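This report describes a ligand site and selected backbone features. The entry is shown first, and the text follows.

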Amino acid sequence: MSAQLYDTLQTKSIYLPTQAQIQDVRPLTELEKLFTIALPDGLSLNHKPGQFVQVSILGMGEAPISISSSPSRSNGTLEVCIRRVGDLTNAIHRLEPGDPIGLRGPFGHGFPVERMHGKDILFAPGGLGLAPLRSLINQVLDERTNFGRVIILYGARNPAELLFTDELQEWDERQDVELHVAVDHADENWSGNTGVITTLFPKIQVTAPNTVAITCGPPVMYRFVLMELLGLGIRDGNIWLSLERRMKCGVGKCGHCQINNVYVCQEGPSFSYAQIKRLEEAL
Ligand SMILES: Cc1cc2nc3c(=O)[nH]c(=O)nc-3n(C[C@H](O)[C@H](O)[C@H](O)COP(=O)(O)OP(=O)(O)OC[C@H]3O[C@@H](n4cnc5c(N)ncnc54)[C@H](O)[C@@H]3O)c2cc1C
Ligand code: FES
């Protein structure tokens, strides 16, 4: 397991947040902002793409949030992309550079990046699902020679909800990345693909035995993406998902995230399809 903030601080409590500081805030859409958080001097997260942190404001509460920055670009900071949906996330959206913010983690299992070496990688994020997958996409791009083809299929509800548009443009301009983006509902300025993410699959051909696929998004989206991936012939063990469940402790104590005998906070949130296909509630 990677070094955790409480280990580094030598506190005994896994429930005690470390105080970090907002370094930068960048609005991405009307609902989502990207926060760069500076860790206290000398600390680094040592996270894997797919892991999450518990982000808190004293007196307000705490929420699990995926780490959106790549470990290859950490440098004493981490990035989280947060959608405002309720009390805590709205309060986080009001924070400014210099404000304190609590962090615990990193928690959960990330994606097994080393096992993906030599493989073609197919990313299929939907909506906010790009936030966790961006961490892995940028690691793969920073270590590009370790991987085969890189294919990214990204779907959002409309053009205004596309996240990380500057990076989408960079990826699109690269010769070694195959990017296809679709929106469910176009506007008058949109000249790209229109339709749900699954309409992008006919645009690609893959060598199934050598392909690893990673998807993340709302359940209604990843259920259909799973069918496409299986239809392409990609093996159960080579399809990875990141599951979002209600979480409290993040460390396997409270049971909030439990599906049957699986604690998503500890054994996930990244799972292969082979691991979870018998967990009906997850799918
Ligand atoms: C492993 C994991 C990773 C996550 N990563 C991110 C991320 O990178 N960025 C991000 O913006 N959010 C992420 N979330 C969701 C985030 O934790 C919730 O949006 C947050 O807890 C809401 O807190 P709140 O107090 O603002 O809203 P609340 O007042 O608790 O809830 C407001 C609304 O959001 C809904 N909601 C609350 N929690 C969740 C949840 N876990 N999933 C879906 N809907 C929820 C509630 O039903 C309600 O409708 C992640 C969740 C998990 C479990
Ligand atoms: S969130 Fe408490 S057991 Fe998983």
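An oxygen atom of ligand 1 lies 2.7 Å from a backbone N or O atom of Pro 64. This pair is a polar contact, that is, two N or O atoms within 3.5 Å; within protein, one must be able to donate a hydrogen and the other to accept it, and residues adjacent in sequence count only if both atoms are side-chain atoms. Contacts of ligand 1 with the backbone include those in the table.

| Residue | Ligand 1 atom | Distance |
|---|---|---|
| Pro 64 | oxygen | 2.7 Å |
| Ser 66 | nitrogen | 3.0 Å |
| Cys 81 | nitrogen | 2.8 Å |

On its own, ligand 1 has 880 Å² of accessible area, and the protein covers 70% of this. Accessible areas come from the Shrake-Rupley method with a 1.4 Å probe; for residues, only the protein chains shown count as cover.

The model is predicted: local features need pLDDT of at least 70 and side-chain atom pairs pLDDT 80 or more, while totals for chains, interfaces and linings use all residues. Residues are numbered from 1 along each chain as its sequence is written, chains are lettered from A and ligands numbered from 1 in the order in which they are written, and side-chain values use heavy atoms, without hydrogens and water.

Ligand 1 is surrounded by 18 residues, and the closest are Pro 64, Cys 81, Arg 83, Thr 89 and Arg 245. A residue counts here if one of its heavy atoms lies within 4 Å of the molecule. By class, this shell holds 10 nonpolar, three polar and five charged residues. Nonpolar means Ala, Val, Leu, Ile, Met, Phe, Trp, Tyr, Cys and Pro; charged means Asp, Glu, Lys and Arg; the others, Gly among them, are polar.

Strand E4 (61-66), strand E5 (77-83) and helix H2 (87-93) each give at least two residues to the shell. E4 has the largest share, with four residues. Helices (H or I, at least four residues) and strands (E, at least two) are DSSP runs, numbered from the N terminus.

Seven strands form an open sheet with mixed pairing, in the order E10-E9-E8-E7-E11-E12-E15. Strand E10 (193-194) and strand E15 (270-272) are at the edges with a single partner strand each, so one side of each lacks a neighbour in the sheet. Strands pair if DSSP finds at least two bridges between them. E7 (residues 120-125) and E8 (residues 150-156) run parallel and are joined by three bridges. Phe 123 stands opposite Ile 152 in E8.

The peptide bond from Gly 105 to Pro 106 is cis, with omega near 0°, and Pro 106 is in strand E6 (residues 100-107). Another cis peptide bond joins Gly 268 and Pro 269, with omega about 0°. Pro 269 is in the loop between helix H6 (264-267) and E15.
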